Structures are given as structure tokens and as C-alpha cells.
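Subject: Structure for your review

Dear colleague,

Please find below the structure that I am handing over to you. I would be grateful if you would read the notes that come after it with the structure open.

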Amino acid sequence: MSDTDPSKPRRPSFSAAARAITIVKVKQRSYYIHQDFLTHYSPYFRAALEGPFKDAEEGVMSLSNVSTCTFDMFVNWLYTQEFPTPDEDPTPLGDPAYRTNFGRDGNLMTENLIDLYIFADGHDTPLLRRDVINQMCQRYWSQQPSYKAIINTFSRLSKSSPLRRFLIDSYCNDFNMGIDDIELRALLPNDCLFGVMLRHADKILELNGDKKVCEAYALHPCDYHEHANTAEDEQCKMKRRRL
Ligand SMILES: [Zn+2]
């Protein structure tokens, strides 16, 4: 997950990054973070801490609309470019709930990754967005995003967000009814449902020359005739063939 693009400025080194510590207040907690790391990865923090209209008072800034759980993950990524593991509980006294952030495979739950992406979107951290997408691409089939995650994403990210597109594409690729939630179905965003329709339509158009695909999506009248049994269904098909 490291940034290997030679055109990008090198990440700050710990030995050279000691010049300033920023205190970031999230809820009731204060995080002490090297300013160089914040400003290196995020134009948002660069503007807030160094820009001409900086809104942070000297060395201190407060963030709203973010949970300490998400900010913990962000800080971990900021220093390591890795996502946390179940053994790295950052809470001061150790919180049993911390482990619920991870799936059985030890990877962060998709919902947590999505929260991290939304944070990276609102606090302009492009490399973090890229790392989250890489993680999600690796395992969307084993940890499919829940309806709750879809509703959260579509309500908080703009229409042009690549994550919205990714979630639509992942549902088209492999939708598992095991995640179905009847109560939340009604709250699924229209943009998501319409996105799934469009994605299927685009793919069918693209694959139209493929006989197998055409057959899978072909429309057969008997599928809609409400025949009482297969014998009646067969009879109807024969009759129509003779016409
Ligand atoms: Zn029929």
C-alpha cells in the first residue's frame, strides 16, 4: 500500500518530522500527531494548518462529524499506510468492542472501511481513498457491503464518488441474498438501485455478441404465462413452436 509514484513527494521521515505536533480533538479525545504527516497526505489538513486562511488555532484543531473509531484508523494509516489489526487496540484502557471492527479473517469490516473512505473524502486524503478501494476490491465477495453501508455511503458522498460506483458494480458482480434486510430494503437509495439497472443494461449492450449472455437474459413468454405445471409449460412451448 506504499506510495511508489516517483513523481510524488516522499513521505516524511520520523527523524525530520519533529518540528511540530498538532493536537487534533475528536469528541472528547486529543490526538497528538506530527503536522508533517497530516499535511503530507492531506491537502485538507495542509490548508487548515498552513494555508493563508488556516482555521486551526496554533497547533490545535477540532474535527466534528467523525468518530474516534474512524479517526483511530486514520491515524494508524497516516503513520504506517496500513490498516489496523485486531491486536492493535488504540483505546487507552483496551475496549472489548474494538475487536468487533474486524471480520473473522482479521480484516477491517467493510463498514469501517467505508467510514474511513468517507473521512478521506471529506478531509481530502487521496492515497487513503485509494488504499481503501484496494482493500474492498480484494474482498467484496467475502464481506459484501450491507444495506446500511450502502445507505450511509449514498447519503454522504457525492454522485461522482468512485465508491458509490464501486458499490453498484459490486452488487451487480455478486449479490448475496444472505445480506438482505427486509426493513432496510425500502431505504435503499434510488441512485443505487437505478445505478444497478444502468450497469446491467450497459453490460448487456457490451456483451450482446455473446450467445450465452443473450440466452441468459432472453425473454420467454412461458416464464410469464403462469402455467400450472411443467407439462402445461412444455405443451405451450410446443404449440408456439408450431406457429
Ligand atoms: Zn406458455
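This is a predicted model: local features need pLDDT of at least 70, side-chain atom pairs count only at pLDDT 80 or more; totals for chains, interfaces and linings use all residues.

Overall make-up

The protein contains eleven helices and three strands. Read from the N terminus, the order of elements is β-β-α-α-β-α-α-α-α-α-α-α-α-α. Of the 243 residues in the protein, 21% are buried. Among contacts between residues at least 6 apart in sequence, 59% join residues at least 24 apart.

The strands

Strand β1 covers residues 21-26 and pairs with both other strands, β2 and β3. With β2 (residues 29-34) the pairing is antiparallel and extends over six bridges; within it, V26 lies opposite R29. The two strands make a hairpin with two residues between them. With β3 (residues 60-63), β1 runs parallel and is joined by four bridges, and here I23 has V60 as its bridge partner. The two faces of β1 can be told apart: T22, V24 and V26 form the covered face, whereas I21, I23 and K25 form the uncovered one.

A helix pair

In general, two packed helices are described by the angle between their axes and the distance between the axes. For α6 (residues 147-156) and α7 (residues 162-173), the axes come within 9 Å and cross at roughly 150 degrees. An angle over 145 degrees counts as roughly antiparallel, and α6 and α7 are therefore roughly antiparallel to each other. The crossing of α6 past α7 is left-handed. On the α6 side, I150, T153 and F154 take part in the contact, and they meet L163, R164 and L167 of α7. By class, the residues of this contact are four nonpolar, one polar and one charged.

Two loop residues with positive phi

Most residues other than glycine have a negative phi. K27 has a positive phi near 50 degrees and is placed in the loop between β1 and β2, in the turn of the hairpin. K27 counts as partly exposed because it has 13 C-beta neighbours inside 10 Å. E226 also has a positive phi, near 60 degrees, and sits in the loop between α10 (211-216) and α11 (230-242). Is E226 buried or exposed? With 8 C-beta neighbours inside 10 Å, E226 counts as exposed.

With kind regards

Terms used
Residues are numbered from 1 along each chain as its sequence is written. A residue is buried if 20 or more other C-beta atoms lie within 10 Å of its own, exposed if 12 or fewer, and partly exposed in between; C-beta atoms are placed from the backbone. Two residues are in contact if their C-beta atoms, placed from the backbone, lie within 7 Å. Two strands pair if DSSP finds at least two bridges between them. Axes are lines fitted to C-alpha atoms, for helices over the stretch in contact, and angles run from 0 to 180 degrees between N-to-C directions. Angles under 35 degrees count as roughly parallel, over 145 as roughly antiparallel, 65 to 115 as roughly perpendicular and the rest as oblique. A crossing is left-handed if the near helix is turned anticlockwise from the far one by less than a right angle, and right-handed if clockwise. Ala, Val, Leu, Ile, Met, Phe, Trp, Tyr, Cys and Pro count as nonpolar, Asp, Glu, Lys and Arg as charged, and the others, Gly among them, as polar.
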